[in-house]
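I am opening my notebook for a first walk through this structure. Come along and look things up with me.

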Amino acid sequence: MSAITQIGSCTNANFPRDADGRVYHLGVKEGMVANRILTCGDTGRARLLASLPGFEIKFDNTSPRNFTIITGIYKGVPMSIIASQMGFPNMDFVIRECRAIVEGPMHIVRLGTCGCPRPDVPVGSVVTADDGTVAIIRNPDGFFPDATPEDVAGRYIFTRPILPDAALQSLVSAEIDASLESEGKGTMHVGGVNASADTFYASQGRQDDNFRDENETLVDDLVAKYPTICAIEMETHQLFSLAQVSAEHARIFAAGAAIVLAQRRSNDFLTNDRKHELEHTLGLACLEALAKVESTTPVPTSAVWL
């Protein structure tokens with residue numbers, strides 16, 4: 001069971017930390033987070049990943065904002081498992097605040113769940129962001145009664161793709177292939193474009209007659225623009241975007257994979273039992289990939305894994 005860390009009084013409104021050096025939202029300081037990170041959305045999955053064979057827990061903490069960070073050793077390599085919660089802002093907290101307390105290059109893999117808009121990719125498939133990730137952003141200006149034709153036409157914005165780190169993504173995809181082959185259940189692995197939406201409902205094309213979302217063609221429009229689209233979720237774009245703009249002295253290398261929970265054409269939804277099986281299989285694959293990443297960064301003397 002994790003401890004819940006209380007954050008002390010902070011200084012510096014630009015980037016708040018308490019007197020102990022703990023960052024405001026995550027509640028951790030230097031030495032508590034490794035430079036290889038496996039992140040997922042929910043706390044339950046993070047705890048499942050930390051319970052996988054070979055992962056030795058050295059540190060387990062939940063902040064008052066409910067961010068759970070579990071740091072340990074896998075095959076002699078320090079790494080952290082972090083529950084980011086949902087959406088762009090929460091992923092932003094995780095990446096920026098971890099970056100502030102970790103020395104040297106960081107390698108971060110997101111293992112999430114998603115919906116798939118392609119009818120040829122069933123639930124229970126595994127998708128990887130080999131072709132990058134785009135964002136789907138709802139434009140509020142397009143919903144005013146006096147909205148301009150340009151704003152009406154651009155009620156939902158599809159951004160340009162941001163590519164993953166090629167070496168890390170290739171490593172993750174290779175480990176996933178090996179794990180799925182070993183599992184022997186014929187699970188499909190598809191690489192393509194990932195889309196991260198700023199909401200779960202409107203910006204992913206879900207229909208709700210309580211609101212005038214004007215999104216009836218959103219999924220079709222997305223597939224038309226990006227034919228290799230294989231996932232719609234809510235976090236990967238923020239990870240890739242921050243990796244893209246990370247400074248030379250603070251480089252971040254990112255990759256992404258997801259389990260298809262929802263088939264957006266057939267409305268099928270994956271069973272919990274199969275989801276948990278895939279979390280186990282893919283979790284080990286991602287840990288294996290991160291364990292193969294070389295690092296020459298000196299370990300802080302305060303590191304919780306020493």
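Is F143 buried or exposed? I looked it up in this predicted model, and F143 counts as buried, at 13% relative accessibility. The cut-off for buried is under 20%, so that value qualifies.

**Entry: aromatic pairs**

I counted 3 aromatic pairs here. One of them joins F67 and F93, edge-to-face, with 6.1 Å centre to centre and 80° between the planes. I noted that this pair links distant parts of the chain: F67 is in the loop between β5 (55-62) and β6 (68-74), F93 is in helix α2 (residues 88-101), and they are 26 residues apart. F67 is buried, with a relative accessible area of 1%, whereas F93 is partly exposed at 26%.

F143 came back into view next, since F143 and Y156 form an edge-to-face aromatic pair, with 6.1 Å between centres and 80° between the planes. I found F143 in the loop between β10 (133-138) and α3 (149-153), and Y156 in strand β11 (residues 156-158), 13 residues apart. Y156 counts as buried, at 13% relative accessibility.

**Entry: charges over rings**

What sits over the ring of F143? I found the charged end of R138 there, 4.1 Å from the ring centre. I also saw the charged end of R206 over the ring of F200, 3.8 Å from its centre.

I placed Y201 in the loop between β13 (193-197) and α5 (218-225). Y201 is exposed, with a relative accessible area of 52%.

**Entry: helix α2**

I checked the length of α2, which has 14 residues. At 1.5 Å a residue α2 should span 20 Å, and its end C-alpha atoms are 20 Å apart, so the two agree. I then asked how many residues of α2 are buried. The count is 10 of the 14, so α2 is largely enclosed by the rest of the structure. Among the buried ones I listed F88, M91, V94, I95 and I101, but also N90, D92 and R99.

**Entry: positive phi**

Most residues other than glycine have a negative phi, so I made a note of two exceptions. Q85 is not a glycine, yet has a positive phi of about 65°; I found Q85 in the loop between β7 (77-83) and α2. E214 has a positive phi near 55°. E214 is in the loop between β13 and α5, and counts as partly exposed at 37% relative accessibility.

**Entry: salt bridges**

I counted 17 salt bridges in the structure. In one of them the side chains of R47 and D60 meet at 2.8 Å, N to O. R47 lies in helix α1 (residues 43-50) and D60 in strand β5, so the pair ties together parts that are 13 residues apart in sequence. R47 is partly exposed at 29%, while D60 is buried at 18%.

Which side chain meets E235 in a salt bridge? I found R110, at 2.8 Å, N to O. E235 sits in the loop between β14 (229-233) and α6 (236-244), R110 in strand β8 (residues 106-116), and 125 residues separate them. E235 is buried at 5%, and R110 is buried too, at 3%.

D120 is partly exposed at 44%, but R118 is buried at 16%. I also noted that salt bridges with shared partners join E183, K185, R274 and E277 into one network.

Note on methods: Residues are numbered from 1 along each chain as its sequence is written. This is a predicted model: local features need pLDDT of at least 70, side-chain atom pairs count only at pLDDT 80 or more; totals for chains, interfaces and linings use all residues. Side-chain values use heavy atoms; hydrogens and water are left out. Rings of Phe, Tyr and Trp (its six-membered ring) pair if their centres lie within 6.5 Å; planes under 30 degrees apart count as stacked, over 60 as edge-to-face and the rest as tilted. Helices (H or I, at least four residues) and strands (E, at least two) are DSSP runs, numbered from the N terminus. Buried means under 20% relative accessible area, exposed over 50%, partly exposed in between (1.4 Å probe, protein chains only). A charge sits over a ring if NZ of Lys or CZ of Arg is within 6 Å of the ring centre and within 35 degrees of the ring normal. The expected span of a helix is 1.5 Å times one less than its number of residues. A salt bridge is a side-chain nitrogen of Lys or Arg within 4 Å of a carboxyl oxygen of Asp or Glu.
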